[in-house]
Amino acid sequence: MLKTLKNIRKLYNAKLLFVSNDNAVKSTIENEFDDYFKELTLVRSSDEAVSLINENNYDMVIIDTDVDAKDFDDVCTNISAAAPTLPKIIISDKDNNEDIVTAINTSAYTFLTKPLRSKDIKLAVIMCLNQTKRGDKIEFQNGIYFDEYRDQFFKSGGSLIDFTRLEKGFLKLLISKKGEIVDYDMIKNVVWKGKNMSIYTMRNIVNKVRQKTYYEIIRNHSNKGYIIDEVQK
């Protein structure tokens, strides 16, 4: 099993939302999942789920048919309306046709029945994210891309770009603020952690990043700051 897992995409920074009113499911998730994924959020109602989805970026939602709501169909409909492309897994203590049809109509990845084995739902999550989560690759010109899951930058063909800690931190900050000019104070506070940073050091970092990628990946706005190149569609 461990040998197989070495070949599975790293998902330690995946954010999962669980919607369930079942204490047994809650216990299984809290005991088995906390050390595997970056963030686990458990709620009991669709209203709570929709509110969180509107405020956060989740990688997947797992919906139990046992949930605080008028009915299961309402839960799936409301969550799908709030996040149409968010991958979904459905879990249930029964496998009636009505719930299965609802799962299919809301494009759920799979339908699991209780009692749940932690290994089964963990593997279902991993397989679903590997097959459906494609927004983790942020692509730039010349085949350069940033893989959010592996937290690394790569050249076309998959060879790793060997950035220093400061170079990588600087680029990640610009990506997180894409479309915005990032000023020197923010760069100093986030990348240099408030330590001394001269304009010459900053320019040196920019030049090194450009040498390892391409010149236009970082655009300079005189006396204002820097902005990342347009992300490729």
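This is a predicted model: local features need pLDDT of at least 70, side-chain atom pairs count only at pLDDT 80 or more; totals for chains, interfaces and linings use all residues.

Residues are numbered from 1 along each chain as its sequence is written, and side-chain values use heavy atoms, with hydrogens and water left out.

**Exercise 1.** Find which residues of helix α3 are buried, and what they pack against.

Step 1. Buried means under 20% relative accessible area, exposed over 50%, partly exposed in between (1.4 Å probe, protein chains only). In α3 (residues 46-55), the buried residues are S46, A49, V50 and I53.

Step 2. Look down the axis of α3: these residues fall within an arc of 95° (directions from the helix axis to the C-beta atoms), so they line one face.

Step 3. Turn to the face away from the buried side. There sit the exposed residues D47 and E55.

Step 4. The buried residues pack against β1 (15-19), β2 (39-43) and α4 (72-82); contact means heavy atoms within 4.5 Å.

**Exercise 2.** Classify the pair formed by the rings of Y145 and F154.

Step 1. Ring centres must lie within 6.5 Å; planes under 30 degrees apart count as stacked, over 60 as edge-to-face and the rest as tilted.

Step 2. Here the centres are 5.4 Å apart and the planes at 20°, so the pair is stacked. Both Y145 and F154 are buried.

**Exercise 3.** Where does R210 lie relative to Y215?

Step 1. The test asks for CZ of Arg, or NZ of Lys, within 6 Å of the ring centre and within 35 degrees of the ring normal.

Step 2. R210 lies over the face of Y215, 4.0 Å from the ring centre.

Conventions: Helices (H or I, at least four residues) and strands (E, at least two) are DSSP runs, numbered from the N terminus. Rings of Phe, Tyr and Trp (its six-membered ring) pair if their centres lie within 6.5 Å; planes under 30 degrees apart count as stacked, over 60 as edge-to-face and the rest as tilted.
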